[in-house]
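The sequence and model come first, and the notes follow by topic.

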Amino acid sequence: MFKDTKAMLYYLFLDHRSSILIFWGIFIGSILAILTITTAADTSVMVVSPSLPILIFCGIAGFVMVKESLPFCIKMGMTRKSF
């Protein structure tokens with residue numbers, strides 16, 4: 001049971017690694033761009049709230065994971081309880 005769960009987590013990590021890296025790359029790049037614009041404009045206030053973009057990404061990634069990865073894991077012999 002532990003090996004099945006470990007294998008499933010490894011598969012999910014490899015399957016979603018690129019989307020996670022792309023999201024964080026774009027997110028950090030946009031924060032750096034906003035920081036550059038803020039320092040160039042001589043304004044001292046910069047407010048960045050990461051909660052909404054992270055919430056949207058997690059919602060989309062969770063939907064894709066359940067829609068695509070769950071049937072594949074069940075086909076490979078995992079049970080819904082272990083998923």
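Phe23 and Phe27 are both buried. The two residues sit in helix α1, four residues apart, about one turn of the helix. The model is a predicted one, and its chain has two helices and zero strands.

**Aromatic pairs**

- Four aromatic pairs turn up in a search of the whole structure.
- One of them joins Phe23 and Phe27, whose rings are stacked at 5.8 Å centre to centre with 15° between the planes.
- Phe23 also pairs with Phe57: the ring centres are 4.4 Å apart and the planes lie at 10°, so this pair counts as stacked.
- Ring pairs join Phe23, Trp24, Phe27 and Phe57 into a cluster.

**Helix α1**

- Helix α1 covers residues 2-40.
- Its 39 residues should span 57 Å at 1.5 Å a residue, and the end C-alpha atoms are 53 Å apart, which agrees.
- The helix α1 bends by about 45° at His16.
- His16 is also one of the buried residues of α1, which are Met8, Leu12, His16, Phe23, Phe27 and Thr38.
- The cover over these buried residues of α1 includes α2.
- Just after α1, Asp42 adopts a positive phi of about 60°.

**Thr38**

- Where in the chain is Thr38 found? Thr38 belongs to helix α1.
- Thr38 counts as buried because its relative accessibility is 12%.
- A polar atom of the Thr38 side chain lies 2.7 Å from the backbone oxygen of Ile34.
- Apart from neighbours within four places in sequence, Thr38 is in contact with Thr43, Val45 and Met46.

**Helix α2**

- Helix α2 has 25 residues, numbered 51-75, and reaches 35 Å from its first C-alpha to its last, close to the 36 Å expected at 1.5 Å a residue.
- A bend of about 35° occurs in α2 at Ser69, and a proline, Pro71, follows within four residues.
- Ser69 is buried in α2, as are Phe57, Leu70 and Cys73.
- Helix α1 is included in what covers the buried residues of α2.

**Whole chain**

- How does the radius of gyration of the chain stand against that of a compact globule of 83 residues? The chain has 18 Å, whereas the globule would be near 12 Å.
- Along the principal axes, the C-alpha atoms fill a box of roughly 60 × 20 × 15 Å.
- Of the 83 residues in the chain, 14% are buried.
- Counting contacts between residues at least 6 apart in sequence, 69% join residues at least 24 apart.

Terms used: Residues are numbered from 1 along each chain as its sequence is written. This is a predicted model: local features need pLDDT of at least 70, side-chain atom pairs count only at pLDDT 80 or more; totals for chains, interfaces and linings use all residues. Side-chain values use heavy atoms; hydrogens and water are left out. Buried means under 20% relative accessible area, exposed over 50%, partly exposed in between (1.4 Å probe, protein chains only). A polar contact is a pair of N or O atoms within 3.5 Å; within protein, one must be able to donate a hydrogen and the other to accept it, and residues adjacent in sequence count only if both atoms are side-chain atoms. Contact means heavy atoms within 4.5 Å. The expected span of a helix is 1.5 Å times one less than its number of residues. The bend at a residue is the angle between axes fitted to the seven residues ending there and the seven starting there. Rings of Phe, Tyr and Trp (its six-membered ring) pair if their centres lie within 6.5 Å; planes under 30 degrees apart count as stacked, over 60 as edge-to-face and the rest as tilted. The radius of gyration is taken over C-alpha atoms; the globule rule is 2.2 Å times the number of residues to the power 0.38.
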